Amino acid sequence: MPHRRAIEIVRLFGGFTRGSIELILRGNRAYWTWLAFLAALITSGALAYLRQVQVGLGLTAMRDQVSWGFYIGNFTFLVGVAAAAVVLVIPAYIYNWKPIREIVIYGELLAISAITMCLMFVLVDIGRPDRFWHLIPPFGHLNFPRSILAWDVMVLNLYFIVNFVVATHILYRAFHGKPYIKKLVVPMVLLSIPMAVGIHTVTAFLYNGLAARPYWNSSILAPQFLASAFCSGPAILLVALQVLRRFTRFEIQDAAIWKIAELMAYAMFLNLFLHGAEAFKEFYSNTQHVLFTRYWFFGVNGHHTLVPYAWSAVALNLTSFAIFISPRLRRNFLALNLGCLATYAGCYIEKGMGLIIPGLTPDTLGEIYEYYPTLTELRVAAGVFAVGFLVFTLMLKVAVPISLGEFMEKEPGARNEELTALLLRR
Amino acid sequence: MVTRRLFTKTAAGTAAGMILTACGPKRLYEAPRDKLKMRIAEMERKYKEEYGRDVKVSDTGPAPGVHFAYALDISRCIGCRRCVYACVAENNQSRDPQLHWIRVLSMEKEKGVDFSHATAYYSPEEVPQEGHFYIPVACQQCEDSPCTKVCPTGATWAEKDGIVVIDYDWCIGCRYCMAACPYGARHFNWTQPNVPADELNTNTHYLGNRPRPKGVVEKCTWCIQRTRQGRYPACVEVCPVGARKFGNILDPNSEIRYIIEHKRVLVLKEELNTVPRFFYFYAT
């Protein structure tokens, strides 16, 4: 009887939704202060964005010479975070941690939040957000497979859906006290691993494929993207896992955390090595194409806005490598967390500003326009980040108690009997 | 288990639908003729409302047997920038903020054609300046254009007569084309473009110089509104030294054909394989 089944599904989902809302509305003072802080950032960002829509992207520092900036830099960085969060699933399987299920879920929730931010950063960057549907067939036209941006739109959304379905399914089943359906979850989790690599590779190819920009047109770009993503993604997750461990019953062994830190050291080594290889090629061969790298590290013709950022990124990345490679240091939680912070900051600078701006400066006709984000850009970006953190917070708020089995549907059926009756009458 | 089967079915159906529609041609300019006419009538009415003048929006297509090409004589160009402003007036480019489709680069004779030492912001008492020569750059109307390749919505494409055009009503303003263009030829409307009503050129083309909205990309179209009526682009007409040549490359008797066959021509950034239809040459 499909009719009855449909009602049953509605009933179960109703319970799940109600339960989730109940969890979200429950929290201590710190929780509500955090939410209020995020809400303030979101409001500020929304107001700045509203004005940007009215006046135009002229409110940003972007111009014809540097036509992409802070927004697209953040987008690129966050694609890496989204990718790396899920790749953590691999060590979760290899080292066979006890709470595998939870680890998978948290990686996926981080991926969902990161992709949300990615899509929002693209949306705030485009000149005609009212026309975003031009990308969506059958109403619009997606220039697939010619445009790598079309590829990116597809893989990012697909990745979002895969992660969303898996996470929701696991929580939904756990909420109703049932194990997740292995036949559904395992293939999708396994699919999400190559997809994680895929979204970041496609995003790298977005830049890589442009012969007009020698700084990007280097085959080292995609591997370097992945290497830096495997540093920054785990950096966020390591901190998040520690926070969870402190404030909930969630368990994770120290050994597991140290193992991730060790893996981050290797990823950071690879990242630094690839950067070094690129720097060698540029400076030793010393063609005209070195101009962009020179602009980033030393400045060109008295233009050196970005130079302090370039060297701080190098210093931060070296510091985090030193911390994570040393077993004594990475087992010290203060050093470990400082290392995570350094990794995060280093990769953020290098992948955000350090990738986009030197790629476009000097422009294709040799002009140097010094880009530096305006207040509008900073406010909008902070707003987008706040949305991402809000999504992550709320999802964790629901996911942690449910996956720990602390929160389940009480006396299943009893409360929902009324709803069923109501629906049947109709 | 109905949910799972349902889910699989829906997912497969959606995926198939998406792939099918994504591969099919669907661009606004390729809309049925009568629909396009209606759109244009509506467009003209709106322009009349905004500017108080009768604006003609043409949709003349490419003529058979015509393939345009352009040539610029570097030895003649004096860097006066008259082409830049003739282009602004003809093509309704924004006056505030200023937007120029043509960029004239001043280069040092000692260094040769080298963009890293070029500047567009020269302002001597008199041009040409001692020891300098000039390279005006606008859209090179590439045969293998990176900008049309990267556009995610197919809002820009090369017409049969070689002109690379943009549908301003379909562009989403992602600016991927600007990152892809090796010649800095594409320009974005960072704010509402502004053309005073009495300076508006009312002879316009749908894919060319009709007034543009904010938030979209625009570029040189070789004055599509003129050249498809058999006229020269405005920059060719205004050039005081006759450095600019334009014509149908398929016509064996055309001037452009003569130049390509008899002069030493070069294209910018040849190594990128964009195959520009815009040639530079030294006539003397």
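## Before you start

This is a predicted model, where local features need pLDDT of at least 70, side-chain atom pairs count only at pLDDT 80 or more, and totals for chains, interfaces and linings use all residues. Residues are numbered from 1 along each chain as its sequence is written, while chains are lettered from A and ligands numbered from 1 in the order in which they are written.

The model scores ipTM 0.91 and pTM 0.91.

## Chain B and its sheet

Chain B has 8 helices and 12 strands. Both are DSSP runs numbered from the N terminus: helices are H or I with at least four residues, strands are E with at least two. Its C-alpha atoms fill a box of roughly 80 × 45 × 40 Å along the principal axes.

One open sheet in chain B has 4 strands in the order β10-β2-β12-β11, with mixed pairing. Two strands pair if DSSP finds at least two bridges between them. β10 (244–248) and β11 (265–266) of chain B are at the edges with a single partner strand each, so one side of each has no neighbour in the sheet. β2(B) (residues 68–73) pairs with β10(B) in the antiparallel sense over 5 bridges, and L72(B) sits opposite R244(B) in β10(B).

## The packed part of chain A

Take helix α3 of chain A, residues 70–87. Its 18 residues reach 26 Å from first C-alpha to last, close to the 26 Å expected at 1.5 Å a residue (the expected span is 1.5 Å times one less than the number of residues). Is α3(A) mostly covered or mostly open? Mostly covered: 18 of its 18 residues are buried. Buried means 20 or more other C-beta atoms within 10 Å of a residue's own, exposed means 12 or fewer, and partly exposed is in between, with C-beta atoms placed from the backbone.

The largest nonpolar core has 193 residues, and those touching the most other members include L78(A), A82(A) and A85(A). Such a core is a set of buried Ala, Val, Leu, Ile, Met, Phe, Trp, Tyr and Cys residues joined through C-beta atoms within 7 Å. Helix α5(A) (residues 100–125) gives this core its largest share, 15 residues. Setting aside neighbours within four places in sequence, A85(A) contacts several residues, among them G107(A), A114(A) and L237(A).

## Where the chains meet

The contact takes 44 residues from chain A and 46 residues from chain B. On the side of chain A that touches chain B, the largest share, 4 residues, comes from α6(A).

Most residues other than glycine have a negative phi, and most peptide bonds are trans. The bond from T361(A) to P362(A) is cis, with omega near -5°. Another cis peptide bond joins V127(B) and P128(B), with omega about -10°.

N286(A) isn't a glycine, yet its phi is positive, about 50°. N286(A) lies in the loop between α9 and α10 of chain A and is exposed, with 10 other C-beta atoms within 10 Å.

Notes: Contact = placed C-beta atoms within 7 Å.
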